[in-house]
Amino acid sequence: MGRPRTNDDAVKERLVASATEMFATHPRDSITVRALAAAAGTATAAVYSLFGSKDALIGEVRNRAVAGLFQELSAVPASDEPLADIYGLAVAYRHWGREHRHLYTVLFGGVQSFDPSGVVGTGDPVRPLLEAIGRALSASALVGDATSIALSIWVTLHGLVTLELAGALDAATAESAFRSTVLATLRGWAMTPRT
């Protein structure tokens, strides 16, 4: 059994929810601790006592976004068809982005800089994709460098999801573009490179 929720837990959750929405919809520098606290219905002291700083609160929002996306992608089962698995991961990525638009925007929209350091931790959302790409490379279903393939797929997905969240694509166009573009990207990496 978990510990009982305290008033601090409730305030913390309100602050995280308010920060998620505010950082997804406003420039980072325009958001003050006072505004965050007011949106959560609490005092500025709560930000400092529960998180230590505005940056630590932003870090908590980002950590939750990373954990949520990782959980969504990790739930996609691996099969004997690595290309189908990669497509399934693309579907899960899009689903998570659409269901958690503010977290998605905070994670990839510039509030925190995205630092593709090359180091993949155990809870890194790119890990399930790299594992599926590794299986596809071993099965000769894809040809190329795993990191380059992963980056290509992510760029494709991010562009599609960002356009969809911005309302630039209607539902039918978004669905059609998603399927055709992801499959075209996979076909591109499945071709033997010309020498």
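A: Helices (H or I, at least four residues) and strands (E, at least two) are DSSP runs, numbered from the N terminus. On that basis the chain has nine helices and zero strands, and from the N terminus on its elements run α-α-α-α-α-α-α-α-α.

The model is a predicted one, in which local features need pLDDT of at least 70 and side-chain atom pairs count only at pLDDT 80 or more, while totals for chains, interfaces and linings use all residues. Residues are numbered from 1 along each chain as its sequence is written, and side-chain values use heavy atoms, with hydrogens and water left out.

The pLDDT, the predictor's confidence in each residue from 0 to 100, averages 87 over the chain, and 88% of the residues score at least 70. Confidence is highest in helix α5 (residues 82–99), at a mean of 96, and lowest in helix α6 (residues 101–108), at 86. Over residues 111–117 the pLDDT is below 50, and this stretch has 13 contacts (heavy atoms within 4.5 Å) in the model beyond near neighbours in sequence.

The residue in question is Asp85, which lies in helix α5. Asp85 is buried, with a relative accessible area of 6%; buried means under 20% relative accessible area, exposed over 50%, and partly exposed in between (1.4 Å probe, protein chains only). Its side chain makes a polar contact with the side chain of Arg135, at 2.7 Å. A polar contact is a pair of N or O atoms within 3.5 Å; within protein, one must be able to donate a hydrogen and the other to accept it, and residues adjacent in sequence count only if both atoms are side-chain atoms. Leaving aside neighbours within four places in sequence, Asp85 is in contact with Val76, Pro77, Ala78, Ser79, Ala132 and Arg135.

Beyond four places in sequence, Ala132 touches Pro82, Asp85, Ile86 and Leu89. The C-alpha atoms of Ala132 and Ala146, 14 residues apart along the chain, are separated by 9.7 Å.

Further along the chain, Tyr93 touches residues including Leu69, Tyr104, Phe108 and Trp154, again not counting residues up to four places away. Of these, Tyr104 and Phe108 are among the buried residues of α6, whose cover includes α1 (7–25), α4 (54–74), α5 and α8 (146–165). In the chain of 195 residues, 34% are buried.
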